[in-house]
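Good morning, colleagues. Please look at the sequence and the structure as they come up on the screen, and I shall then go through them in order.

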Amino acid sequence: MRIEHVAVIGANFGDEGKGMMTDYFAATSEYKTVVRFNGGSQAGHTVETPDGKRHVFSQIGAGTFAGLPTHISRFMLVNPIFMMREVAALESVGITPRVSMDPDVC
């Protein structure tokens, strides 16, 4: 069995298109999960679909529009209030994100 992974890493202070690339890879159906490795609720991974759905992902993975679950690593700094607001915003447009977290998440 061959397992493929893709890392989308930024090096330009956040304006590289990480959200767009994550959404692109997620839409290929080759990948099973988006892992948010580090960072926090200040992230702004903007994804806009061809049918006009738009969301600025901050803690939930940008592959959510493509149906992928998000796993939050122990290196993420999670803000529970902002996380619930992001979940509510996605649910208001008919998307229920699937999220798991490392038990040692900050």
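Of the 106 residues of the chain, 34% count as buried, where buried means under 20% relative accessible area, exposed over 50%, and partly exposed in between, with a 1.4 Å probe and protein chains only. This is a predicted model, in which local features need pLDDT of at least 70 and side-chain atom pairs count only at pLDDT 80 or more, while totals for chains, interfaces and linings use all residues. Residues are numbered from 1 along each chain as its sequence is written, and side-chain values use heavy atoms, with hydrogens and water left out.

Let me turn to the overall fold. The chain has two helices and five strands, arranged from the N terminus as α-β-β-β-β-α-β. Here helices (H or I, at least four residues) and strands (E, at least two) are DSSP runs, numbered from the N terminus. The C-alpha atoms fill a box of roughly 35 × 35 × 30 Å along the principal axes. Among contacts in the chain with a separation of 6 or more, 62% are between residues 24 or more positions apart; contact means heavy atoms within 4.5 Å.

Thr22 lies in helix H1, residues 18-27, and is buried, with a relative accessible area of 15%.

Ser73, by contrast, is in a loop, between strand S4 (70-72) and helix H2 (80-91). Its relative accessible area is 8%, so Ser73 is buried. Leaving aside neighbours within four places in sequence, Ser73 is in contact with Arg36, Phe37, Asn38, Asp102 and Val105.

Strand S2 (residues 45-48) and S3 run antiparallel and are joined by four bridges; two strands pair if DSSP finds at least two bridges between them. Glu48 has Arg54 in S3 as its bridge partner. Five residues lie between the strands of this hairpin, where Gly52 takes a positive phi near 95 degrees.

How are the residues of strand S3 (residues 54-57) divided between a covered and an uncovered face? His55 and Phe57 form the covered face, and Arg54 and Val56 the uncovered one. In a regular strand, side chains alternate between the two faces of the sheet.
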